[in-house]
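Please view the sequence and structure first; the notes follow by topic.

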Amino acid sequence: MSPTQPTAKRASGAVRAAKAMACHAAGAFSRAAMATVVGAIVLTSAPMAPVRAGGPKPAAVSDRALAAKIEYCKTCHGLSAQGFRGATTMPRLAGQTVEYVEGQLTAFAERRRANRFMYNVARVLSPEMRAALATHFSGLRAPPLRGGPREFTAEDLVAEGKTIFEEGVPARDVPPCMSCHGQGAKGDSAFPRLAGQPNDYIVAKLQNWNKERGLDPNTPDFSITMQPIVRGLNKSQILAVAAYLSELDP
Amino acid sequence: MMKLISLKTACATLLACALGLSATPVKASGIDNCTGFCHGAAAQGIAQAPRLAGQKPLYIARQLRAFHDRSRDNPLSRQYMWYATENLQDETLRALALQLAALPATPARDGRPELVTAGQTLFENGSPENEIVACVVCHGPQGEGIRDIPRLGGLSYEYLKRRLLQWAEGYHATALHPMPRVARRLSADDIEALASYLSFVQ
Amino acid sequence: MAFGKRLALVGAALAIAWSGAAAADDTAVAKLSDGALRSKIEYCKMCHGENGQGFRGFVPVPRLAGQQPQYFENQLQSAVAGRRHSKLMTDILKSIPPSMRRPLAVHFSQLVAKPLGGAPRDLIAAGRKIFEEGIPEANVPACMACHGEGAKGHNEVPRLAGQLDDYVISKLSNWGSERGQASAEADPVRIMAVVARNLTRSQMSAVAAYVSDQP
């Protein structure tokens, strides 16, 4: 199975992030403050590892080590990397963007993103292994993991979620998710794919955003982009958007 | 009756003398007194008294305690073993158990040979349709026993049959003991087959 | 015939008599099933322990008390379908009518029993570390992520708390030859094959000691 690669879009992704920030922060921040924030994001995004446009994994990672590591990831993330509901719900990795997987693995290892399990997983991964894993998972295809708690799967939620996804919640300065996460929520470089992500996982992440992300005040990262959004969405909107996204199968 | 009483008294006296007051390992003569009169030469079993040779030591120890506590309460236990173990000390009990366990054992071979196959099938597979468990789960593939679960291989057909019937009749060993419930499911034919098969097992 | 069988027949006869006045045939079936269910439960408990806490016979017989009902049912189905190999259990599980699987699962899931214990206590600390953190260098995930903080399991993920340590070691050691046999992709139990393969024997002993000690 040869992984398909998104074409290098990091630079335009950062610009889009800036635009998104401008869009929904206009009412909340002064222009000056916003410019600082946007500048910080663009600057801190610069040292990220270069995007690989298809082709073989870096030579430093042996076939065998990579295969063993992939198998290990799939123990929790699902045999097709579609996610798994254990005592915790483990997210879908299939079709995730390369930049996002690499970025999160680094964030876990550096404890900018808090997760007791993923810290241990990530801290032993070399940068080359992170890149190789990201490449592998981005190329996987799998149908959405259905199911989840009953209150997350009500019919009427999906329609409301679609509206939020496509139009945002203007009254609360929440931009359309689609503007960054792309058509069909397939993701775009640093903006993760959301399509087919388990509904209870999405809900948990949105509700715990500030507790779990951007935890190093000296090293702000892309997770800052979501802060105003998680502030703007109420619980029922979160449920709605999670219900919609979890069923997407683009 | 007279004969039984005198046998009981003899056993009890000898056993009490041999075991009760001694804190040192039981001398060979002590075992002989016990086995010669009651459990047969070299503890191979005789009449109603089962073979003790080669039995699991922890099982022997537990049974001796159960006799002492009077929790093992079938008629023959009452009549003989309660008195025999009245003054039994822990160290003597342990030493006795170890010594008996080390003796070589011969199968009784007194079962009905035509029932051996049926008995073996029942022993190894149980009978799920009749909710009879497979004896091997606890007693092992050769009925060899483990820890405090007794060795059954080679015990006499008469003894095994009697024990299985006693379980079903409600006699006790220890609390939470599975055997009464197990035995209640067995038909008379099942008991005949099992007891016969086991009497031939080395 | 044995007393037990006689009793069961009398019970059944009475049940039929009592239910004769009731509306439907299925009341009779339900009452018969009650007796059959109770009898089956008692049969299970002969080996699995009076409170479902497990038992050390010649082989370790696993704890069923507090087991996740979905896991329990899946194991019954797996064995009957030939996906889980068990010399001792297959015939027994085939004798359980499919309609009895769920009631059995529910019954055992509700039993509460202290762990049977017996594992070496000096292994527990090392086992806890593996359970909570995994062994990333050896590609062993943290058991806790799926089995939960108290090892109580979740839906199709089994409870491990209070399980017999020798049973856990035996299952982990034999995973490849016993589980996910003749199975399609979908068998969730294949998830564990990697874990079982990557654990060393002494790591299995440690984690088994830890879970066996959990209430």
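**Chain contacts and packing**

The contact between chains A and C takes 17 residues from chain A and 20 residues from chain C. Two residues are in contact if their C-beta atoms, placed from the backbone, lie within 7 Å. This is a predicted model: local features need pLDDT of at least 70, side-chain atom pairs count only at pLDDT 80 or more, and totals for chains, interfaces and linings use all residues. Residues are numbered from 1 along each chain as its sequence is written, while chains are lettered from A and ligands numbered from 1 in the order in which they are written.

**Chain A against chain C**

- On the chain A side, helix H3 (63-77) and helix H5 (116-123) are the elements that give two or more residues. Helices (H or I, at least four residues) and strands (E, at least two) are DSSP runs, numbered from the N terminus.
- H3(A) gives the most to this side, with six residues.
- The chain A side divides into nine nonpolar, four polar and four charged residues. Ala, Val, Leu, Ile, Met, Phe, Trp, Tyr, Cys and Pro count as nonpolar, Asp, Glu, Lys and Arg as charged, and the others, Gly among them, as polar.

**Chain C against chain B**

- Here 19 residues of chain C contact 22 residues of chain B.
- On the chain C side, the elements giving two or more residues are helix H1 (3-19), helix H2 (25-48) and helix H4 (90-94) of chain C.
- H2(C) gives the most to that side, with six residues.
- By class, the chain C side has 11 nonpolar, four polar and four charged residues.

**Nonpolar cores**

- The largest nonpolar core has 85 residues, of which Val101(A), Val241(A), Ala242(A), Leu245(A), Val207(C), Ala208(C) and Val211(C) touch the most other members. A nonpolar core is a set of buried Ala, Val, Leu, Ile, Met, Phe, Trp, Tyr and Cys residues joined through C-beta atoms within 7 Å.
- A residue is buried if 20 or more other C-beta atoms lie within 10 Å of its own, exposed if 12 or fewer, and partly exposed in between; C-beta atoms are placed from the backbone.
- Helix H12 (residues 235-247) of chain A gives the most to this core, with eight residues.
- Val241(A) touches Gly161(A), Ile164(A), Phe165(A) and Cys177(A), not counting residues up to four places away in sequence.

**Helix pair in chain A**

- The axes of helix H7 (residues 155-167) of chain A and H12(A) come within 7 Å and cross at roughly 95°. Axes are lines fitted to C-alpha atoms, for helices over the stretch in contact, and angles run from 0 to 180 degrees between N-to-C directions.

**Chain B**

- Chain B has 10 helices and zero strands.
- Buried residues make up 45% of its 202 residues.
- Among contacts in chain B between residues at least 6 apart in sequence, 71% join residues at least 24 apart.

**Confidence**

- The model scores ipTM 0.78 and pTM 0.80.
- Chain C averages a pLDDT of 87, and 84% of the residues score at least 70. pLDDT is the predictor's confidence in each residue, from 0 to 100.
- Over residues 17-26 of chain C the pLDDT is below 50, and this stretch has four contacts in the model beyond near neighbours in sequence.
- Where pLDDT is low, the predicted coordinates should not be read in detail.
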